[in-house]
Amino acid sequence: MCGIIGHIGRNDCVALLVEGLRRLEYRGYDSAGIAVVSEDKIEVRRCQGKLVQLETLLRDEPVQGLVGIGHTRWATHGPPSDINAHPHKIGPIAVVHNGIIENYLPLKRQLLEMGCQIHSETDTEIVAQLINNQVEAGASFEEAVTESLQVIEGSYALVILNEREPDKLIAVRKESPLVLGLASDAFLVASDIPAILGHTREVIFLEDGEMAILSEDSFEVRGADGETREKEVSHITWNPVMAEKAGYTHFMEKEIYEQPRAVIDTFRGRISESSGEVFLDDTNLGDDLIQSLNKIVIVACGTSYHAGLVGKFLLETFCGLPVEVDLGSEFRYRDPIINSQTLQILISQSGETADTLAAMREGSKKGAFLLAISNVVGSSLVRQSDGVLYTHAGPEIGVASTKAFTTQLVALYLLSLYIGIKLGKISLKESQECILELVKLPKKMEAALGEDQLIRAIAREYANARDFLYLGRGINYPIALEGALKLKEISYIHAEGYAAGEMKHGPIALIDEHMPVVAVVSRGLTFEKMLSNMEEVKARQGKIIAVSDNGGEELLDKVDAHIPVPATTPFLAPILFTIPMQLLAYHVAVFRGTDVDQPRNLAKSVTVE
Ligand code: AGP
């Protein structure tokens, strides 16, 4: 769970490495470092803390070089400290690593028995030690890396320098992402695309077991068998500015505001307003497969799991198939009843979440059809799936997921229509009505965003609350869960999401005059029931913040604050209700002065189980 970058080219790379690390900080930010080949020696600068600390160090102790590697860390083995920060340099070898070496303890024991001196508490140093031993025994750089990997178990993306072959950089991966960038004056390697987007849009995704050997004017990718591989070059359409804050104070704020555009990008080219058809060819869901399905299982984590809960409503309604939703971390440890007639949908913004990937492998073993819903082109999830539905939200940098979530809901909506039509559960006419509502949605999202100042004022009033309760029903119950998750992860206020009907079975005991209750009140089936639940809160002096598409008297009488959202179909309403949840959490966090984009203890992409 770290960000890594490497450069080999014709210009000094220190600024480029630091800039790349800035774009990778969302992957971890407890320490950072670089190693640069300077006059045939490797110079390392690393320290605990965020990137600004490294920048200060680099001002005090500058380095220069054409070949270099960098790392931003999220600790897994050994607490954040200068000594545990990467790169780890042992003898002539310097290494940056993302992942976990699972057998590092026995390897460490062996190394100590051999008389090696271990300096840090990290698993990564073991890799550097192993490679160094190989080099000392006379192996070439490539041989040393290959031999060392033979004894390593676990996951890794590694970028490695060798003082004895200073004009070469080696990158290898297994279950951790790594992408090569082909710039006009350099070759780059990084954990993720935004880190190199300012320099090139031509990239190559490395696969598990592959090794890239980069020099100033050529590169070679070898498979695990040591044979050279021809790799496809992908053209990335993301604009570098899309990966910047573009004038907003925080990435999260920018990403909240990007949602109408992200939603359009997600449905664009996939629908016909005139015929009601939906086109999702990349899902590879053939007619025969769809006809054979007897069950759908959705697996995801965190916010993506909440999208899955909404997806259950959509898929059951439009497709008439039973749908289960499970957390990645739970799914793989039960014995799920799935087979070749099961469609397993894996939802992951990053496509690198370890628990979701593990759940995918479980589904694969049992023969389910694996469909990835992901935002990241070429992510591990996508590469291992049978079909894909990209969300096209663009890079999401804020740790709190926002546009990834609403675009996941759009993807699930499209998928439900697609399968529903093929199963004959909905007609093209009905699908067309759904599509026309979808096309109107971005404007309504703009209107929901237009309540920003009202929401900010409400946030100011409640920013010092100790706890929050979020209530919702039916398809909007997951939005209550999502609202609570957003608030707790960025403001550190304790918050719980609850199905409103369950309140009387326990959480009602929490309610007093200090408890703000955010109620998602949708017109339609459960409106009256929600009003009753709000009465119950009012009777115990709780404060009600209602988010509703129905501003009638009967609602306004009961609330302390009302955030209006435009009306739409019940199946798209969760997308509109989500926006006030995000803005409320955002403004509360800003009033409390927390680190909105990089909340404590969290990382954007959870690549460890
Ligand atoms: C949400 O705001 C979180 N940062 C987190 O719950 C996230 O959704 C979860 O870790 C799953 O990530 P993924 O979608 O990349 O798999």
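**Questions on terms and values**

Author: Proline 87 is placed in the loop between strand 4 (67-73) and strand 5 (88-90). Strands (E, at least two residues) and helices (H or I, at least four) are DSSP runs, numbered from the N terminus. The model is predicted, so local features need pLDDT of at least 70 and side-chain atom pairs count only at pLDDT 80 or more, while totals for chains, interfaces and linings use all residues. Residues are numbered from 1 along each chain as its sequence is written, and side-chain values use heavy atoms, with hydrogens and water left out.

Reader: What kind of peptide bond joins histidine 86 and proline 87?

Author: Histidine 86 and proline 87 are joined by a cis peptide bond, with omega about -5°. Most peptide bonds are trans.

Reader: What makes proline 580 buried?

Author: Proline 580 has a relative accessible area of 2%, so it is buried. Its place is in helix 19 (residues 573-592). Between the C-alpha atoms of proline 580 and proline 166 the separation is 53 Å.

Reader: Why is glutamate 175 called partly exposed?

Author: The relative accessible area of glutamate 175 is 36%, so the residue is partly exposed. Glutamate 175 lies in the loop between strand 8 and strand 9 (179-182), and its phi is near 60°, a positive value in a residue other than glycine. Most residues other than glycine have a negative phi.

Reader: How do you know whether tyrosine 492 is buried or partly exposed?

Author: Tyrosine 492 has a relative accessible area of 26%, and is therefore partly exposed. Its phi is near 65°, also a positive value in a residue other than glycine. Tyrosine 492 is found in the loop between helix 16 and strand 21 (494-499).

Reader: What joins the side chains of serine 31 and aspartate 30?

Author: A polar contact of 2.9 Å joins them. A polar contact is a pair of N or O atoms within 3.5 Å; within protein, one must be able to donate a hydrogen and the other to accept it, and residues adjacent in sequence count only if both atoms are side-chain atoms. Serine 31 is in strand 2 (residues 31-38), and its relative accessibility is 1%, so it counts as buried.

Reader: Which residues come nearest to the ligand?

Author: Of the 14 residues around the ligand, Ser304, Ser348, Gln349, Thr353 and Glu489 come nearest. A residue is near a molecule if one of its heavy atoms lies within 4 Å of it.

Reader: How far is an oxygen atom of the ligand from a polar side-chain atom of threonine 353?

Author: The distance is 2.4 Å for threonine 353. For serine 348, an N or O atom of the side chain is 2.5 Å from an oxygen atom of the ligand, and for glutamate 489 the corresponding value is 2.5 Å.

Reader: Which element gives the largest share of the shell around the ligand?

Author: Helix 9 gives the largest share, three residues.

Key: Buried means under 20% relative accessible area, exposed over 50%, partly exposed in between (1.4 Å probe, protein chains only).
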